[in-house]
Amino acid sequence: MTDIRVPAQAQIVIVGGGIVGASVAYHLSLRGVTDVVLLERNSLTSGTTWHAAGLVAQLRATHNMTRLAAYSGELYEQLETDGYPTGFKRTGSIAVAADHERLEELVRGADMARCFGVDVQPVSVEELASHWPLLHTDDLVGGVWVPRDGQTSPVDTTMALANAAKANGVRIIEDVEVLDLLADGDVARCVSYRDRRAGADAEPAEITADAVVTCAGLWSRHLAAKAGVSLPLHGCEHFYLVTEPVDGLPPGAPTLRDPGSNTYFKEEGNRILVGFFEPVAKPIDSTELPDKPFLELDEDWEHLAPVIESAFHRLPVLGETGIRLFFNGPESFTPDDAYLLGETPELRRHFCAAGFNSVGIQSAGGAGRVLADWIVDGHPPMDLADVDVRRFHPFQGTRRYTRDRSAETLGLLYEMHWPFRQKDTARGARRSPLHDRLVAAGACMGEATGWERPNWFAPSPSEARYSYTYRRQNWFDHAAAEHRATREAVALFDQTSFSKFEVAGRDAASALNRICANDVDVDPGTTVYGPWLNERGGIEADLTVTRLAEDRFLVVTSVATQTRDFDWLTRHLPADANVVATDVTSAYAVLGLMGPNSRAVLQQVTDADLSAGAFPFGAARRIDLGYAHAWALRLTYVGELGWELYIPTELAVHAFDALAEAGTGHGLELAGYHAMNGLRLEKAYRHWGHDITDEDTPIEAGLTFTCAFDKPRGFIGRDAVLAQQEAGVERRLVQFKLDDPEPLLYHDEPIWRDGELVGHTTSGMYGHTVGAALGMGYVSHPIDMLRSEVLEATFEIQVNGERYPATASYRPFYDPANDRIHER
């Protein structure tokens, strides 16, 4: 590897020679792309791969992440068979629970795994002890057994991938330091490098490429930043220890995870490796680290004392065994514990695979495969929203933000993954102008893409904090009151976090109409709902478009997809068109005034005619609102008469105060996003990222009505949707209501049809009007089964290991005729 010359150009340049970079190179070669150069500044694996524990678990937090992790195990196993030694072995794993809430988390995970084809078995304490005889079990209540989880050698596996890639023609060159990413405009052009093999005085040189892939681990953020690219990750010190030989330790013992103690245990040559995910980690920036391979950091027994004590409790034999190695090495962590993958929005043809949150070994195989497909095909091969680098706002890539958040995210890997759990660190940066008003009114804030948003309202600010459980949480009754106020009187929602784009210019209408599946070439003052589709017919975005003037449109989309959707928009505007897109998210606050009394409240603060004849559903008008002017859009995401009010940010507090005062005689209540979620599920309104993704089509999702097939020039994805319409579908999105009012639905609960597993829920929430938990989910069925026949069956939803009868429907469980929305 060391005598290869760095070429002047290559089709693909990969930066970083850890297991992820090697996997990307290998999978590119499988796709027939062999003009690939991988540059590593030191030796392969010498960054963080070399000190990884080598755990290869299958089950992850979501369906698609589980698919990728399961593939990694299969790949490492196959490489071994093909003559590229990896050291992979199927040891299995167990996870233990010391309380019933933790056990429910594990059992719900086992339920989810069944949907994804992963064998996860809830087991008794006795069976746990049979897998790990040294385990202290007196305080355990149960756990799960995953028989096909495995372990691998991180170094051997990386070398296997690298050698297989080399055999296919990939060039891998060590001791070449990449200095910078260079671009032509907003397109990656080349990298500059220094060939360390030529000595310390070697001059920088360049290698041009059609695409550059940054796989430089925790060093990725600083390298990308030189090209103006935000990669939100930060380093943390990550600890494990290895014991002296242990008597009675079964060879090949399964991985043991005790998440309640923030520890995992691995048998390693008759020794025990004990790894830690302590609740408060020690951040360390890559700029603070010396430039040398196989880096080890200082010991810190004091920092680890509490979790070491917990480890000794779970395996008492540790207290009788010597410590052979105390290891501390750097790892990279992201703000949400999911890695960064894909093409960066700031720099096209620049791809990243970094920030693997200490699960890089189990993720590398799958991540490398899908990123290679993305590079070759120009689009992701599956729904990768969980890890898409475009899920973050640029401010979340700043050094201080990532440093503060990483201290928490390391430990969250083993903390309870409660429904609606909120992170505690790096909060408060992105606020609505109404923030202080809402907090004073008792708002309990949640976070979405850095925004502080009211999830629910407590009777007083001092009570506005979560008490987590899988059962009804402490806000349940408060959200129910907000829900009822929306249905029976009027509620005021702060929806300022909506992402908002203005599209303007002489060609704005034709350009947008090509991107939108629905017809947005409508009269000014009209709002249109509909998706943006990809060429495969998958739903890339779910949004509204309002025509403000002949040459001006307002696009409103989700808080979570601001970067992603703006990137999609700007990439698909014709380069030769007279049109420009501007992100105006910060320009407007948004107030949602919803409920049967909303017209009466709004009429008190405006002179505009709000009657149904003058202001029908879907209309948009510029109105006066107290002293302010605002765009009023007659829309709803809760299924009631109402308006979304777009107010200049500096006038938002005044407008809020005016509406609050006007609502005093009409039963107005402040409401949050938990109430909104239940309200929208009663109306079967889809949520992008859960109920619809870029793998789901309008036909499968029941949104064919949003596709204007006959409009001039068509739309992106039209041919694919029409082809599917002709061929038929094998899955449909269905609404469910549990017959028993007690259980709660969240997402990923198994769906059973006549005793057969046919899918899983995509989202869930309690519907206080219908008095039961509601969910949505795709039901698989034969392609020739009629739409009506899908529902002619007995349905059950599995919750915490138990099946509950459920009523299935294509229509909403509340106001299916939409009479409330069109109320006159």
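Asparagine 818 counts as partly exposed, at 27% relative accessibility. Buried means under 20% relative accessible area, exposed means over 50%, and partly exposed lies in between (1.4 Å probe, protein chains only). The place of asparagine 818 is in the segment after strand E39 (802–809). Its phi is near 65 degrees, a positive value in a residue other than glycine.

This is a predicted model, in which local features need pLDDT of at least 70, side-chain atom pairs count only at pLDDT 80 or more, and totals for chains, interfaces and linings use all residues. Residues are numbered from 1 along each chain as its sequence is written, and side-chain values use heavy atoms, with hydrogens and water left out.

Helices (H or I, at least four residues) and strands (E, at least two) are DSSP runs, numbered from the N terminus. Two strands pair if DSSP finds at least two bridges between them.

E39 belongs to a closed barrel of six strands, in the order E34-E37-E36-E35-E38-E39, with antiparallel pairing. From one strand to the next, the twist averages 40 degrees. Axes here are lines fitted to C-alpha atoms, for helices over the stretch in contact, and angles run from 0 to 180 degrees between N-to-C directions. Methionine 765 has leucine 774 in E37 as its bridge partner.

Methionine 765 turns up again at a cavity. The structure holds two cavities of 30 Å³ or more. The largest cavity has about 140 Å³ of space. It is lined by 17 residues, and Trp475, Phe476, Leu744, Met765 and Tyr766 are the closest to its centre. Helix H11 (476–488), helix H16 (673–682) and E36 are the elements that give two or more residues to this lining.

On a 1 Å grid over the protein atoms alone, a cavity is a set of points where a 1.4 Å probe fits but cannot get out; a pocket is an open set with protein on both sides within 12 Å along at least five of seven lines; lining residues have an atom within 4 Å of a point. Grid points are joined across faces, edges and corners, and a volume is the space filled by probe spheres set on the points.

**The second largest pocket**

About 310 Å³ of space lies in the second largest pocket. Its lining has 16 residues, of which Gly378, His379, Pro380, Trp568 and His572 lie nearest the centre. Helix H13 (residues 562–572) gives the most to this lining, with five residues.

Three strands form an open sheet in the order E20-E22-E21, with mixed pairing. E20 and strand E21 (443–448) are the edge strands, each pairing on one side only. E20 and strand E22 (residues 451–457) run parallel, joined by two bridges. Arginine 431 stands opposite glutamate 452 in E22.

Serine 432 lies in the loop between strand E20 (430–431) and helix H10 (435–440). Its side chain reaches the backbone nitrogen of leucine 434 at 3.0 Å. It also makes a polar contact with the side chain of aspartate 494 (2.9 Å). A polar contact is a pair of N or O atoms within 3.5 Å; within protein, one must be able to donate a hydrogen and the other to accept it, and residues adjacent in sequence count only if both atoms are side-chain atoms. Leaving aside neighbours within four places in sequence, serine 432 is in contact (heavy atoms within 4.5 Å) with Trp451, Asp494 and Thr496.

Threonine 449 lies in the loop between E21 and E22. Its phi is near 50 degrees, a positive value in a residue other than glycine.

| Residue | Relative accessibility | Class |
|---|---|---|
| Serine 432 | 5% | buried |
| Threonine 449 | 15% | buried |
| Alanine 311 | 1% | buried |

Alanine 311 lies in helix H7 (residues 301–314). Leaving aside neighbours within four places in sequence, its contacts are Thr263, Phe265, Val274, Phe276 and Leu318. Alanine 311 and serine 261 are 50 residues apart in sequence and 6.7 Å apart in space, C-alpha to C-alpha.

Six of the eight residues of strand E25 (residues 526–533) are buried, so the strand is largely enclosed by the rest of the structure. Eight bridges join E25 to strand E26 (residues 539–549), and the two run antiparallel. Valine 528 has valine 545 in E26 as its bridge partner. E25 and E26 form a hairpin with five residues between them, and glycine 537 in the turn has a positive phi of about 90 degrees.
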